[in-house]
Structures are given as C-alpha cells and as structure tokens.
Amino acid sequence: MATTDETVETERVWLVERTYGDDEQNMIILTYATPDGRRDYRKERALPSFTGPGRSTQVSLVVEPGNLGTVDDPDTRARYAGEVERMREKHDPDDTL
C-alpha cells in the first residue's frame, strides 16, 4: 500500500478572551484569534481542569484552518487583533499562563 505525504496547512492563533460558559457554570471558553482578528478558534475547558500542576493555558495554538470560525463584527475583529498584538509582544508562542 502506497502512502503519500500531504502537507497539512495550519494557522497560529493567540489567546484573546476567557469567558464562562452560559449554560455550564464550571466551563471556561478560551477564544483564540488570528493576528488580523478575522478568524477565531474556541476551546472549552472544565473549570476543575485549571487546578493542579500542568494545567496551564497556552498563549497560542496551531490549528487547521477548517477549525476556525469567522469573526463578522468589525469591533470584535479590531479588539481581537489588538489582543493578539499584545500577547505577541509579551509572550513567546509556546508560553503558558
């Protein structure tokens, strides 16, 4: 059986927002965005997963473009772009919080 190497395209996104889930009080939604603020990636984590050693939050992730959503609101895009810029100035891509 022959195999082929396919290059998977990826995009780096940066943490721009942490919010509590609306319907689940012990869920935190981490929102990451592209540098231009036009695309976002959301990741849900249970609040108990933030305790203990090794439970840090990554400041950036590398994701496949198909997993990114579109940010339609211009104000939100601008805010996300500003947050990405701030995070990039303060942190290396592999840093955790």
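## Where Arg12 sits

Let's start with Arg12, which belongs to strand β1. Keep in mind that this is a predicted model. Arg12 counts as partly exposed because its relative accessible area is 30%, between the 20% limit for buried and the 50% limit for exposed.

## β1 and its partners

Strand β1 covers residues 11–20 and runs antiparallel to β4 (residues 60–63), with 4 bridges joining the two. Within that pairing, Arg12 faces Val62 of β4.

β1 also pairs with β2 (residues 27–33), again in the antiparallel sense, this time over 6 bridges. Here Trp14 has Ala33 of β2 as its bridge partner.

## What Arg12 touches

Setting aside residues up to four places away in sequence, Arg12 is in touch with Ala33, Thr34, Pro35, Ser60, Leu61, Val62 and Pro93. With Ser60 there is a side-chain to side-chain polar contact of 2.7 Å. Thr34 is another one to look at: 22 residues separate it from Arg12 in sequence, yet the C-alpha atoms are 6.6 Å apart.

Now step along to Val13. In the largest nonpolar core, which has 16 residues, Val13 and Tyr32 touch the most other members. The elements giving two or more residues to this core are β1, β2, β4 and α1 (74–90).

Beyond its neighbours within four places in sequence, Val13 has contacts that include Tyr32, Tyr41, Val59, Val63 and Leu68. Ala33, Thr34, Ser60 and Leu61 are on Val13's contact list, and they turn up on Arg12's list too. As a general point, side chains in a regular strand alternate between the two faces of the sheet.

Key
Residues numbered from 1 in each chain as written. Predicted model: local features only at pLDDT ≥ 70, side-chain atom pairs only at ≥ 80, totals over all residues. Heavy atoms only, no water. Pairing = 2+ DSSP bridges. Core = buried A, V, L, I, M, F, W, Y, C linked by side-chain atoms within 4.5 Å. Buried < 20%, exposed > 50% of the residue type's maximum accessible area, 1.4 Å probe, protein only. Contact = heavy atoms within 4.5 Å. Polar contact = N/O pair within 3.5 Å; in protein donor to acceptor, adjacent residues only side chain to side chain.
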